[in-house]
Structures are given as C-alpha cells and as structure tokens.
Amino acid sequence: MTTMTRPETRAAVASKYAAIMMKRCRELAQCTETPGEILRTFLSPAMEEVHRRVQPWMEAAGMAVVVDRAGNLRGVAPASGSDQLPRLLIGSHLDTVPNAGAYDGVLGVVTGLALVEASAEQKYPFAIEVIGFSDEEGTRFGAPFLGSRAVVGDLRGKLLECVDGKGVSVAEAVTHYAAQRPATVEATLSAKSAAYLEFHIEQGPVLENKNLALGIVEGLAGQSRCRVEFHGHAGHAGTNPMKLRKDALAGGAEWMTRVEQITAHFENAVATIGQISVEPGGVNVIPGLVRCSLDVRHAEDSVRTALVQALFCEASAVGAKRGLDVDAEQYHEHAAVRLDPGLVAMAEQAAACAGYSTIRMTSGAGHDAMVIAPHVPSAMVFLRNPGGISHHPDESAKEEDVAAAIHLGLCFLDRFAEYVTEKEKNRA
Ligand code: GLV
Ligand code: MN
Ligand code: MN
C-alpha cells in the first residue's frame, strides 16, 4: 500500500473533489418528478435518470456498475490483488422527500465516488462498493429504507403490502421494475462486506452552533411510523347543530394539539404529524373521516414505545369523548441503533489526522446506516448543515465542509487498509 504523506497535498485533492461534488449534487437535483422542485421516489423515472448520470461517472473511475432489483445503484472499485479481499461499502440514498434539497442522501453517494476517484493511485487491500440506495425517505410507500432493506434481505412481510398513492404495492412495484429490466442483479449484500461508511449532512444545527465542520455519529434514534384515523359522520354543514355533530376533523385537531403537549413530557422525544387527509373534503360538508400520519422518535426504544402508546391512548380518549371511532396502528418501526465502536473511533481518528476536531453525535434522522449496521460494522460522518435546514429546498452544504469530509474519508481509507492488513495477517 502506498500513502500520500503530505497533508497539504491531500487537502488540495479534497478541495478539488469538493468542487466537483457540489456541482454533481446540483446536477442531480435536476432529476425530478415534479418540475420546479426536487422529488425522486422509489423506482421512479427520475431515479433512473439519476442512474443514467451517475453510472458514467462511476465507470470513468474504473468501477463495475450494476443496478439491483430493488433499484439500488452499485459501483465496485476492485481491490488491488485478490478478488477475495474484503469490501468497504460507502453509501447513502438517492431518493428524496417532496420539495427536497439537493444534498440529503445524494451528498453521501457522491462522496463515496469522490473517494474512489481521489484515491485512484492508492493500492488498497480492499474493494470499495459505492451504493446509491433507491429509498431511504419512504416518500412513495410511507415505509422508509426500502433500498437498504432489500440489500440486507429485509424487504419482506407486511412491508411488501404497503401501497402507494395509486394503490400499487411494494411487491408489485419491485416485481414490475425487475421484470422490465432483465439486466438488474439480485439485491444482496456481498459476503465480503467488511464495513459500511455513510457521509450525510447533519440535518440539524448542532455542528454549526459548535463551529465544527464534521461530527461523528455513534448512534441513531429509533423511529415509529403510524396511521391514526378518526371516523365520524359526514353531514350537511348548514343543518347540523354543533352539539349533534360527529366531526372527525374537530376530534383529529384536538388530538394533534395533545400530541404536542404529551410529547413535551417525554424528554428528547419528537413526534410529528406530517400528513392529514380529510374526507369527503367539501367546504360545506362536516368531515366524516380524518387520516393522520404520526412519526415518533427517541434514542431509547422503551421511551419511544411508551410515547406511541400514550398518543394512541389519547386518540382513543378524544374519540370516546366525541363519539368518534378511532383506528390507530404502527405500520413501521425501527429500533435505535448503536454504530460499531471500532469504526466510529476510526472515523474520529481519521478526522483528527485530517486536522478536524469533531464531536460524537446521536442522529435523530433515520439513515441507511441504521439498516446496514446490524449486518455490517458501520460508521457515519455528519457534515455541518448551514442553518440546520434540511427536507427543504434551501438545504445546503459548504464546499469547505465537503472538502473536510473527503479529507477525513481519505484518512479513513488509510486506517481501514491498516486494519484489513492486520486482520489478514492474524488470520494467516
Ligand atoms: C429521513 O430523513 C428521516 O429521518 O425520516
Ligand atoms: Mn437522508
Ligand atoms: Mn431525508
């Protein structure tokens, strides 16, 4: 293995690739399902357009590129030496929330590619697989992580029954996608996968407040996604006295304000109702049905579970008081995850070697690392996110922080090479 020794050389390389990456993120933001804003969902034509643009970049970097049957884009840069050497996975997601920014997910994928490009001269004793996961946000089906779950063999059970806005199920969408694309390969994790590294904007204000470019993630909060429905009676808005109504929206609204109050009693917990729909939806019709989404998160699974129960109980109490029927179900749950202590320390040391101070952080946002970590030792690096603005078109990243991330990444590759070499030696 050869290493670049002069730190200023490496900083210059990182700066060069940071500029390229910022340009790539902006270019990929043009791939959208909704003109005028960024939206890319699982298995959509906009996602295929992203693949068409990223694939030649990967190939030019000497990578073998495939798309798997769950729509994940995967490029492998071979190890120097035997095919049997371990593989370092570097990835994030290429899908977005509605009206998204240009960096959430995409930045992590282009960072993986930039690390392959920037280390082209190095001879590492491991292959690098860069993965652009097809779904992390869950925008199309409500359930997140479909891409990474497919890779770890966890796209199954009830998850396959989730339907999109057109009534198409996950199972139907995946079957159709693969059938139309015979070149796609099975969505599996290579048995040689030795570690997973994900770079992501922080999506919050902590690093900016601490004046730090980078943070090292050591754990991710668990999350629950739920549906809560209030069933009342639709009726004439002019003829039904207020006291005789069963207004589903009035009940839903009362519950929503209680969600905010109850969650405040659970320290560090967050609960969000991001979607509501009202039926039949006439200006002069009393709402008969309200459907609400509910997203609950906490770093301790027991706290999150207790909060979900408390919010469901409150929905029942509001329903009982108002004569409404309430249906509440949790349709997706992901336990809190601790990342691999050894790799977390390696990322921290790589940051120090690149000249950056870091803090350890817990992510409130969900990331593909949550799904991969139980299968492959994983680490995550956060980049400062100006204004903490994310899931919003004003989301941004600073080019100098992107350069810091690449610099960290190059130092990480050196350390990982030493770790792999040591491990192979001990095995022999
Ligand atoms: C994705 O960004 C999530 O945390 O829901
Ligand atoms: Mn993301
Ligand atoms: Mn996101």
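In which hand does helix 7 pass helix 8? The crossing is right-handed. The model is predicted. This report takes the helix pairs first, then the cores, the metal site and some backbone details.

**Helix pairs**

Two packed helices are described by the angle between their axes and the distance between the axes. The table gives both values for two pairs.

| Helix pair | Axes come within | Crossing angle |
|---|---|---|
| Helix 7 (residues 248-264) and helix 8 (residues 301-322) | 9 Å | roughly 145° |
| Helix 9 (residues 341-353) and helix 11 | 8 Å | roughly 130° |

Helix 7 brings Ala250, Gly251, Glu254, Trp255, Arg258, Val259, Ile262 and Thr263 to its contact with helix 8. Helix 8 answers with Leu307, Ala310, Leu311, Glu314, Ala315, Val318, Lys321 and Arg322.

Helix 9 also passes helix 11 in a right-handed crossing. The crossing angle is roughly 130°, and helix 9 and helix 11 are therefore oblique to each other. On the helix 9 side, the contact residues are Leu343, Met346, Ala347, Gln349, Ala350, Ala351 and Cys353. On the helix 11 side, they are Leu408, Cys411, Phe412, Arg415, Phe416 and Tyr419.

**Nonpolar cores**

Nonpolar side chains tend to be buried together in soluble globular proteins. Here the largest nonpolar core has 110 residues. Ile406 and Phe412 have the most contacts inside it. Helix 11 supplies the largest share of this core, 13 residues. Phe412 is also one of the residues through which helix 11 meets helix 9.

Which residues does Ile406 contact, leaving aside its neighbours within four places in sequence? They are Ala14, Tyr17, Ala18, Met21, Ala114 and Leu115.

Another core, of 19 residues, lies apart from the largest one. Among its members are Phe230, Ile262, Cys292 and Phe312. Ile262 also belongs to the helix 7 side of the contact with helix 8.

**The manganese pair**

The manganese ion (ligand 2) and the manganese ion (ligand 3) are 3.4 Å apart. Asp104 coordinates both.

The protein donors of ligand 2 are His93 (NE2), Asp104 (OD) and His200 (NE2), at 2.1 to 2.3 Å from the ion. Their spacing in sequence is H-x10-D-x95-H. His93 lies in strand 3 (residues 87-93) and His200 in strand 5 (residues 193-201), so this pair ties together parts that are 107 residues apart in sequence. Both histidines, His93 and His200, are buried.

Glu137 sits in the loop between strand 4 (127-133) and helix 4 (146-151), and His391 in the loop between strand 16 (378-383) and helix 11 (399-427). These two residues are 254 residues apart and link distant parts of the chain.

Is Glu137 buried or exposed? Glu137 counts as buried, at 8% relative accessibility. His391 is partly exposed, with a relative accessible area of 42%.

**Backbone details**

The peptide bond from Glu279 to Pro280 is cis, with omega near 5°. Pro280 lies in the loop between strand 10 (276-279) and strand 11 (285-286).

Leu43 has a positive phi, near 60°, though it is not glycine. It is found in the loop between helix 1 (7-28) and helix 2 (45-60). Leu43 is buried, with a relative accessible area of 11%.

Asn99, another non-glycine residue, has a positive phi of about 50°. Its loop runs between strand 3 and helix 3 (106-118). Asn99 counts as partly exposed, at 32% relative accessibility.

Key:
Residues numbered from 1 in each chain as written. Chains lettered and ligands numbered in written order. Predicted model: local features only at pLDDT ≥ 70, side-chain atom pairs only at ≥ 80, totals over all residues. Heavy atoms only, no water. Donors = N, O, S within 2.8 Å, 3.2 Å for Na, K, Ca; no water. Helix = DSSP H or I, 4+ residues; strand = E, 2+ residues; numbered from the N terminus. Buried < 20%, exposed > 50% of the residue type's maximum accessible area, 1.4 Å probe, protein only. Core = buried A, V, L, I, M, F, W, Y, C linked by side-chain atoms within 4.5 Å. Contact = heavy atoms within 4.5 Å. Axes fitted to C-alpha atoms, helices over the stretch in contact; angles between N-to-C directions. Parallel < 35°, antiparallel > 145°, perpendicular 65-115°, else oblique. Left-handed = near helix turned anticlockwise from the far one by under 90°.
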